[in-house]
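Colleague: Hi! Could you walk me through this protein model? I'm still new to reading structures.

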Amino acid sequence: MQIALDLAQLAGAAGEVPVGAIVVKDGEIIGRGSNAPITTHDPTAHAEIRAMRDAAQHLGNYRLVGCTLYVTLEPCAMCTGAIQHARIAKLVYGASDPKTGACGSVVNLMAEPKLNHHTEISGGVLAAECGTLLSSFFSARRKKVKTEQPSY
């Protein structure tokens, strides 16, 4: 998770929401990603998606069977769907996302019995560090917006 946090810090430094992710198979990191929807003009460029794309290229297969995805923030519905389609065995996330979390905070797509794949979930790993990074980023952004508002 610490490596995912390092990737999240890189995203934040680039002006992106600071989320980082890695994919691990047999103890080896095979995929890395950080948020980049703003800089890439790509709404799907979430850290999880980018890490899974990297891992799929590494394996030469879109199925990531036997892999664990570590991400600093609970995945949204889009990322949760991609995790299921990739057949990720285990998801480990840091901070919960009470606004868009799709692994238990808002909805739990992983627990939907009608879906054909169910990823094991473990949340709250380095949650304080992951949450602080996000809170600090949004606090700084709010301060910046306040100072940039015109005075009348």
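Modeller: Happy to, and we can go through the strands, the core, the pocket and a few loop residues. Keep in mind that this is a predicted model.

Colleague: Great. Which strands does strand 1 pair with?

Modeller: Strand 1, residues 20-25, is joined to strand 2, residues 28-34, by six bridges, and these two run antiparallel. Five bridges also join strand 1 to strand 3, again in an antiparallel arrangement.

Colleague: Nice. And how does strand 3 run relative to strand 4, parallel or antiparallel?

Modeller: Parallel, with five bridges joining strand 3 to strand 4, residues 90-95. V71 turns up again here, standing opposite Y93 in strand 4. Between strand 3 and strand 4, the chain passes through helix 4, residues 77-86, and this β-α-β crossover is right-handed.

Colleague: Why is strand 3 described as largely enclosed?

Modeller: Because six of its seven residues, in the stretch 67-73, are buried, the rest of the structure largely encloses strand 3. Strand 1 is mostly covered too, with five of its six residues buried.

Colleague: What about the nonpolar core? Which residues touch the most other members?

Modeller: The largest nonpolar core has 33 residues, and V23, M52, L64, L69, I83, I88 and L91 touch the most other members. Elements giving two or more residues to this core include helix 1 (2-13), strand 1, strand 3 and helix 5. Helix 3 gives the most, with six residues. As background, nonpolar side chains tend to be buried together in soluble globular proteins.

Colleague: Changing topic: how much space lies in the largest pocket?

Modeller: About 530 Å³. Its lining has 21 residues, and V17, L73, D97, T100 and F138 are the closest to the pocket's centre.

Colleague: What kinds of residues make up that lining?

Modeller: It divides into 11 nonpolar, five polar and five charged residues. Helix 2 (37-40) and helix 5 (127-148) each supply at least two residues of the lining. Helix 5 gives the most, with three.

Colleague: Now the loops. Where is D26?

Modeller: D26 sits in the loop between strand 1 and strand 2. Those strands form a hairpin with two residues between them, and D26 takes a positive phi near 50° there.

Colleague: Is H41 buried or exposed?

Modeller: Exposed: the relative accessibility of H41 is 72%. D26 counts as exposed as well, at 74%. The cut-off for exposed is over 50%.

Colleague: Last one: why does N61 count as partly exposed?

Modeller: N61 has 35% relative accessibility, so it counts as partly exposed. Its place is in the loop between helix 3 and strand 3.

Definitions and conventions:
Residues are numbered from 1 along each chain as its sequence is written. This is a predicted model: local features need pLDDT of at least 70, side-chain atom pairs count only at pLDDT 80 or more; totals for chains, interfaces and linings use all residues. Side-chain values use heavy atoms; hydrogens and water are left out. On a 1 Å grid over the protein atoms alone, a cavity is a set of points where a 1.4 Å probe fits but cannot get out, and a pocket is an open set with protein on both sides within 12 Å along at least five of seven lines; lining residues have an atom within 4 Å of a point. Grid points are joined across faces, edges and corners, and a volume is the space filled by probe spheres set on the points. Helices (H or I, at least four residues) and strands (E, at least two) are DSSP runs, numbered from the N terminus. Ala, Val, Leu, Ile, Met, Phe, Trp, Tyr, Cys and Pro count as nonpolar, Asp, Glu, Lys and Arg as charged, and the others, Gly among them, as polar. Buried means under 20% relative accessible area, exposed over 50%, partly exposed in between (1.4 Å probe, protein chains only). Two strands pair if DSSP finds at least two bridges between them. A crossover is right-handed if, with the strands pointing away from the viewer, the path from the first strand over the helix to the second runs clockwise. A nonpolar core is a set of buried Ala, Val, Leu, Ile, Met, Phe, Trp, Tyr and Cys residues joined through side-chain atoms within 4.5 Å.
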